[in-house]
Amino acid sequence: MSDNGQKIILPTSITVRDLATQFKVSPIQVMKILMSNGVMANINQIVDFDTAAIVASELGFEAVLEIPEPEEVEEVGEVPMWRRVIAEEDPDKLVRRPPVVTILGHVDHGKTTLLDAIRHTNVASGEAGGITQHIGAYQAEHKGRLITFLDTPGHAAFTAMRARGAQGADVVVLVVAANDGVMPQTKEAIDHARAARVPIVVAMNKIDRPDANPDFVMRQLADLGLVPDEWDGNTIVVPVSAKQKKGLEDLLEAILLVSESCDCDIRANPNGKVIGTVIEAQLDKGKGVMATLLVQNGSLEMGHDIVVGTSSGRIRAMFDFRGRKVRKVGPSTPVMVMGLNDVPQAGDTFEVVSSEKEARLIASQRKQAQQQVQASPKVTLELLFDRFKAGELKELRLVIKADVQGSLEPIIKSLKDIKTEDISLNILHSATGNITESDVMLATASKAVIIGFNVEADLAARKLAEMEGISIRLYTIIYRLMEDVEKALKGMLEPEYKETVIGKADVLAVFKISKAGNIAGCRVVTGEIRRNGRVRVMRAGKMVFDGEISSLKHEKDDVREVRHGFECGIALRNFNDVLVGDSIECYTLQKTVVEETF
């Protein structure tokens, strides 16, 4: 990697082994230099750029930071319904609407404080003191332009909306603390935003702290593909202090700039079909169902009949984010409504229909369709190739979790090296640690498979995966992981099966029938024996046959099953050596579609 004389280009982090390879010296020599500078590191340990630069200096090189090219991220999931509606509108009737912004970032990096700071200094058309209730969204004004903020910090809410195909954000503000830098949840938030193909503006918060290190944070961001505009990159990084309310105007300016230059067309038809997304909803004992809606096309009015996901109703009252009653609102406007018959979920789509009767009918049809979708698995490695051939999938999307960074990096590198002609591989998110609910939510929103190496899925993640039909595959051997993914991409991976023993019968006698061979006269001692089940013959604790039943009789009748306590005659396909004293176990095999562990 060395070029231009004694300069050497190094990434923001690198292992001691790779560092030695770059300098063409022994790893021992690098470790000695590190030790002399007070850094104890083994051969596989990762060191940051500043530490690597010290080694470079000792060896006569000048270290230059490598700035990676931002990755091209392919669109994941279906186009939201509201975007399809706008695409069908007359282009001459479309007008610019306020951009919709959501704020993501690591816990304790100041997301809520930043939202509050913007709310209390830039609230549109009035003083902050006028706010009487929290409705999950509000609007701020900058240079006469409105910006809508979704006041639901955290990628869980952001991804819950995507999971229902209704992502409403046009811009993501990624909050990174200037003293803490990039943390695990920061990287996770970046992956969630990229999976949704939403442009990112970085708010470098806590810039007022004495231990703030902006250069270090920008290097970390660059390493993740968010190259700051100061370094000729495409990501605007705005230094802010939410606590001291500094840099807020610059942040709003950056949001407007990005929204105007991004690929997504931030326009809508105020007089067109009325459609939008649920931000949040709850049941109020006194007022009934209260839902915060984000209008995304058309204008929502009092008295409109609406269908919201699997709920429906007629709008009886509407309130803006200050709690004031309103009668009509246009695109990109958040509003709280009363009148729904049930509590919808965040991310559900709402639309105006011609009557309450039509709204109830559509809601009922959606509920039936939802039950069918929930009953079927979304994506598994075994079914990948079949869905590709059916035109349903173009790529395999993965969420990867590993126990340590030293395992994660070779897994990702090996997966990216797999070559197939047709199906591409897209790693949406990779990190160390156990599989969590957030991982399952991302997989749900993006129709992805979760792969874990030397990790477990926590209980909440398992329950959510089972409910959403998400496949979690756990491995302890890397080559088996690679082998399964490669087979899946080539349509060669056989389904995994789970065995369930449903009954057991003891052989009391053996009858020889000239046409049928030996028939085992049995009594069912547990469960039941099924004609279509598989059986194994056990003798002195060892299996002597594993196969199928050719006939099952109770007394003289052919039957489909015989239950506990009854006697029966069992003929086994291609096996005549059954003996008195043997036991016959009946079992079923089911494809494992939710979790496969190796």
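1. Buried is taken here as under 20% relative accessible area, exposed as over 50%, and partly exposed as in between, with a 1.4 Å probe and protein chains only. By that scale Ile9 counts as partly exposed, because its relative accessibility is 27%. Ile9 lies in strand E2, residues 7–10, where helices (H or I, at least four residues) and strands (E, at least two) are DSSP runs numbered from the N terminus. The uncovered face of E2 carries Lys7 and Ile9, while Ile8 and Leu10 form the covered one. Between Ile9 and Gln22 there are 13 residues in sequence and 9.2 Å in space, C-alpha to C-alpha.

2. The model is a predicted one, in which local features need a pLDDT of at least 70 and side-chain atom pairs count only at pLDDT 80 or more, whereas totals for chains, interfaces and linings use all residues. Residues are numbered from 1 along each chain as its sequence is written, and side-chain values use heavy atoms, with hydrogens and water left out.

3. On confidence, pLDDT is the predictor's confidence in each residue, from 0 to 100; the chain averages 81, and 84% of the residues score at least 70. Over residues 124–133 the pLDDT stays under 50, and the model has 22 contacts for this stretch beyond four places in sequence, a contact being heavy atoms within 4.5 Å. Residues 593–598 also have a pLDDT below 50, with 25 contacts in the model beyond near neighbours in sequence. Where pLDDT is low, the predicted coordinates should not be read in detail.

4. As for the chain as a whole, there are 15 helices and 34 strands, and buried residues make up 50% of the 598 residues. Of the contacts with a separation of 6 or more, 72% are between residues 24 or more positions apart. The accessible surface comes to about 28600 Å², of which 48% belongs to carbon and sulfur atoms; the areas come from the Shrake-Rupley method with a 1.4 Å probe, and for residues only the protein chains shown count as cover.

5. Returning to E2, this strand pairs in the parallel sense with strand E5 (residues 62–65) over 4 bridges, where two strands pair if DSSP finds at least two bridges between them. Within this pairing, Ile8 has Ala63 in E5 as its bridge partner.

6. Axes are lines fitted to C-alpha atoms, for helices over the stretch in contact, and angles run from 0 to 180 degrees between N-to-C directions. E8 and E9 run antiparallel and are joined by 6 bridges, with Ala137 standing opposite Leu150 in E9.

7. A nonpolar core is a set of buried Ala, Val, Leu, Ile, Met, Phe, Trp, Tyr and Cys residues joined through side-chain atoms within 4.5 Å. The largest has 27 residues, of which Leu114, Ile118, Phe149, Val173, Leu251 and Ile255 touch the most other members. Among the elements that give two or more residues to this core are strand E7 (100–105), helix H5 (111–122), strand E10 (171–177) and helix H9 (248–261), and H9 gives the most, with 7 residues. Leaving aside residues up to four places away in sequence, Leu114 touches Ile103, Val173, Val175, Ala203, Val240, Ala242, Leu248 and Leu251. Apart from this core lies another, of 20 residues, including Ile502, Val524, Cys568 and Leu572.

8. A closed barrel of 6 strands runs E14-E15-E20-E18-E17-E21 with antiparallel pairing, and its twist averages 45 degrees from one strand to the next.

9. Two backbone values deserve a look. Ser332 is not a glycine but has a positive phi of about 65 degrees; this residue sits in the loop between strand E19 (328–329) and E20 and is buried, because its relative accessible area is 1%. Glu555, also a residue other than glycine, has a positive phi near 55 degrees. Glu555 lies in the loop between strand E29 (542–554) and strand E30 (557–558), and is exposed, because its relative accessible area is 68%.
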